[in-house]
Amino acid sequence: PAPQKITILGATGSIGCNTLDVIAQLGGRAAFEVEALTGHANIGLLAEQAKAVGARLAVTADEGLYGALKSALAGTGIAVAAGASGLLEAAEREADLVMAAIVGTAGLAPTLAAAARGADIALANKECLVSAGPLFVAAVAEGGGALIPVDSEHSAIFQSFDERQRHAVERLVLTASGGPFRKMSREEMAHVTPERARAHPNWSMGLKISIGSATMFNKALEMVEAHHLFGVAPEAIEVIVHPQSIIHSMVGYSDGSVIAQLGAPDMRTAIGYALAYPRRPALNVERLDFARLARLDFEAPDEVRFPALRLARLSMERGGVQSAVMNAAEEVACAAFVAGRIGFLAMAEVAEAVMDEMTGWPPAETIEAVFAADAEARRRAADRINRLERAA
Ligand code: NDP
Ligand code: MG
């Protein structure tokens with residue numbers, strides 16, 4: 001078969017690097033023609049990747065780094081672009097499949113553009129669905145491409161969800177590792193350092209999502225993501241803590257059956273599934289050894305220590321831009337925590353306070369309206385963080 005044309009938005013990140021690894025495993029240039037790769041700060045890696053796969057275009061999201069990328073790729077024939085317009089160019093170029101793996105709201109505009117032109121989207125960037133769920137789903141439908149989740153929980157549900165049995169789907173059960181502070185008291189949590197918070201027990205991931213696992217804000221985003229992705233009511237979306245991260249998530253049906261997808265905690269399985277869909281790829285990843293595993297544990301999540309889950313439900317109940325507000329405020333609070341400016345517990349407090357302040361905000365009919373709500377939530381979160389810092 002002819003090679004599939006692929007573009008990777010966020011190639012230099014954790015998901016991006018794993019995607020390039022999967023591409024190499026699936027046959028490299030014989031199987032995939034890389035149209036464009038994008039990165040942000042890591043110019044050295046971006047240039048190296050673009051050369052290794054023979055990309056046609058390399059883009060840094062940072063305008064200020066255009067010159068650096070240009071000189072790193074001088075003489076290679078690889079085109080170079082930068083900034084928001086560069087990201088859009090990457091998204092709009094002809095590629096059958098776009099891996100959306102930019103972190104945060106920065107991924108929204110390019111992913112939406114790729115969806116609107118009809119590319120199949122392998123979606124890692126959960127913020128697209130959290131901040132602009134209905135708009136994003138509509139853009140995909142209008143464009144006519146497929147939307148294949150890469151987030152491991154949603155990939156598991158996608159693999160376990162038989163569309164012909166949609167009428168019988170009772171619940172989606174998202175598994176959560178519980179993060180590094182699963183057993184920690186609230187008092188102890190108040191004093192944890194960013195270094196401890198970013199050390200995830202099972203998965204190796206980017207910074208924001210690692211902190212998001214410690215607060216369970218990542219799971220909160222995933223609840224909203226699941227709601228939009230699968231069209232299932234918020235009340236039918238559950239979270240269960242499963243420390244081994246072997247069951248990646250489940251679908252419960254009306255006959256009492258629960259269908260799950262299991263695997264080693266390795267993002268390459270979900271990435272490979274999205275890249276090869278509807279076929280299944282052959283991947284060199286760890287195989288489960290059940291005799292050695294011996295047991296799988298489960299426990300109910302504690303919403304007092306992890307208020308993020310409650311906030312996710314609240315945001316869906318309130319509707320409108322509340323999920324976008326939750327995500328934006330949490331992104332700002334997460335950066336402030338990483339910078340040592342606020343404590344661990346303050347992240348959820350900031351998010352909830354900004355959500356409460358913005359309950360009257362009008363629902364977003366356009367992407368610009370989403371950005372406006374997002375920007376307002378960021379301003380308010382930054383204000384609160386400044387006040388918290390002054391008070392400390
Ligand atoms: P990383 O932080 O590792 O990588 C993020 C990527 O986005 C990098 O290529 C980075 O460039 C780029 N980037 C950063 N800031 C900007 C910006 N302002 N504009 C454009 N590009 C930018 O993140 P992950 O790979 O961990 O996560 C990517 C997405 O996938 C997130 O939405 C995350 O929630 C989701 N996800 C990740 C999982 C994982 O296992 N890592 C699992 C499930 C979902 P550079 O590094 O060059 O600065
Ligand atoms: Mg996940």
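Guide: By class, 14 nonpolar, 10 polar and 3 charged residues form the shell around ligand 1; Ala, Val, Leu, Ile, Met, Phe, Trp, Tyr, Cys and Pro count as nonpolar, Asp, Glu, Lys and Arg as charged, and the others, Gly among them, as polar. This is a predicted model, in which local features need pLDDT of at least 70 and side-chain atom pairs count only at pLDDT 80 or more, while totals for chains, interfaces and linings use all residues. Residues are numbered from 1 along each chain as its sequence is written, with chains lettered from A and ligands numbered from 1 in the order in which they are written.

Ligand 1 is surrounded by 27 residues, the closest being Gly13, His40, Ala61, Met205 and Gly206 (near: C-beta, placed from the backbone, within 6 Å). Two or more residues come from each of α1 (14-25) and α10 (207-215), where helices are DSSP runs of H or I with at least four residues and strands are E runs of at least two, numbered from the N terminus. The most, 3 residues, come from α1.

Turning to strand β6 (residues 120-123), both faces are covered: Asp120 and Ala122 are buried on one side, Ile121 and Leu123 on the other (buried: 20 or more other C-beta atoms within 10 Å of the residue's own, all placed from the backbone). Strand β5 (residues 97-100) runs parallel to β6, joined by 4 bridges (pairing requires at least two DSSP bridges). Within β6, Ala122 is the bridge partner of Met99. Helix α5 (residues 108-116) carries the chain from β5 to β6 in a right-handed β-α-β crossover; with the strands pointing away from the viewer, the path from the first strand over the helix to the second then runs clockwise. Strand β7 (residues 147-149) also pairs with β6 in the parallel sense, over 3 bridges, and its Leu147 stands opposite Ile121.

Technical notes:
Buried ≥ 20, exposed ≤ 12 C-beta atoms within 10 Å, placed from the backbone.
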